[in-house]
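Trainee: Could you walk me through this model, one question at a time?
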Amino acid sequence: MSRTVFGIQPVREAIRVHGAAIERVVIEHKPNPKLQGLARFAEGRGIRVESAPRGELDRAAGAGRHQGVLALAPELVLKNLDDVPIVPASIFVALDGIMDPQNFGAIVRSAVALGTTGIIWPEHSSAPLSPAMFRASAGAIEHAVLCRVPALPQAMTDLGGRGVTVIGLDAQGPSELGDVDLRGPVAIVTGAEDKGARRTVLRACHHVARLPMHGPISSLNASVATALALYEILRQRRAP
């Protein structure tokens, strides 16, 4: 089985990670210099490169933006959460009810960039692993440790039993995130923008915390909130 990846950066990262395991790369006729460079990069990794009319790529991408290139890449590997080792520096991001593939992908991008150990989400009520989500991650999905779990509350309870401090982000949280000790292994739970994390998930958290807000807007985009929470973790760990 293979999956379709669209866009210059997502395809480049797929090539970087999977190499000759990429089935093929398809580039539109009359490619621009960026596409030509991508074709040479693929051929240098032993990948077959084909050309196709732009209309064919349009049909393959549907409503997605393909930037003139697609790749057929191996399916993503999903890991069992129990098999992911816990170390003092472990950072997990858990997503509850993130249905928008753009948000899902943006969170993955921030999580990978900031050194997250693993990304956790439930089997139900979540955006699928789709070409739109791959593109929104700008290729970061290829580097992520992905853990899809049957039930998020139980997964958070299990992490807690393994020594991970689980913190739910909530705009009405009783404490600010900066007041929570984030220097050991932690998991940050981000909920849907309209509803937040479910009560069953928050009950499985050791802390429910808010990000400090000083302007007239009381909430943030889920991907922005997650990135800020990850920065706070890194800030605490680098503080003298």
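Mentor: Gladly, and we begin with a term: helices (H or I, at least four residues) and strands (E, at least two) are DSSP runs, numbered from the N terminus. This is a predicted model, in which local features need pLDDT of at least 70, side-chain atom pairs count only at pLDDT 80 or more, and totals for chains, interfaces and linings use all residues. Residues are numbered from 1 along each chain as its sequence is written, and side-chain values use heavy atoms, with hydrogens and water left out.

Trainee: Thanks! In which loop is Ala138 found?
Mentor: Ala138 has a phi near 55 degrees, a positive value in a residue other than glycine. Its place is the loop between helix 5 and strand 7 (146-149).

Trainee: And where is Ser125?
Mentor: Ser125 also is not a glycine, and has a positive phi of about 55 degrees. Look in the loop between strand 6 (118-122) and helix 5 (131-136).

Trainee: What is the strand order in the open sheet of 4 strands?
Mentor: Two strands pair if DSSP finds at least two bridges between them. The pairing in this sheet is mixed, and the order is 1-4-2-3. Its edge strands, each pairing on one side only, are strand 1 (2-6) and strand 3 (49-52).

Trainee: Which residue is the bridge partner of Ile27 in strand 4?
Mentor: Strand 2 (residues 24-28) and strand 4 (residues 69-74) run antiparallel, joined by 4 bridges. Within strand 4, Ile27 has as its partner Val69.

Trainee: What angle does the direction of helix 3 make with that of strand 2?
Mentor: Axes are lines fitted to C-alpha atoms, for helices over the stretch in contact (heavy atoms within 4.5 Å). Angles run from 0 to 180 degrees between N-to-C directions. Helix 3 (residues 54-61) packs on the sheet and touches strand 1, strand 2, strand 3 and strand 4; with the direction of strand 2 it makes about 120 degrees.

Trainee: Which are the edge strands of the open sheet of 7 strands?
Mentor: That sheet has parallel pairing and the order 7-6-5-10-8-11-9. The two that pair on one side only are strand 7 and strand 9 (175-176).

Trainee: Which residue in strand 7 stands opposite Pro122?
Mentor: Strand 6 and strand 7 pair in the parallel sense over 4 bridges. Opposite Pro122 stands Val149.

Trainee: Which residue in strand 11 is the bridge partner of Glu176?
Mentor: Strand 9 and strand 11 run parallel and are joined by 2 bridges. The partner of Glu176 is Arg210.

Trainee: What is the volume of the second largest pocket?
Mentor: On a 1 Å grid over the protein atoms alone, a pocket is an open set of points where a 1.4 Å probe fits, with protein on both sides within 12 Å along at least five of seven lines; lining residues have an atom within 4 Å of a point. Here 15 residues form the lining, with Asp96, Gly97, His124, Ser125 and Arg198 nearest the centre. Grid points are joined across faces, edges and corners, and a volume is the space filled by probe spheres set on the points. For this pocket that is about 240 Å³.

Trainee: Finally, what is the radius of gyration of the protein?
Mentor: This radius is taken over C-alpha atoms, and the globule rule is 2.2 Å times the number of residues to the power 0.38. With 240 residues, a compact globule would have a value near 18 Å, which agrees with the protein's 19 Å.
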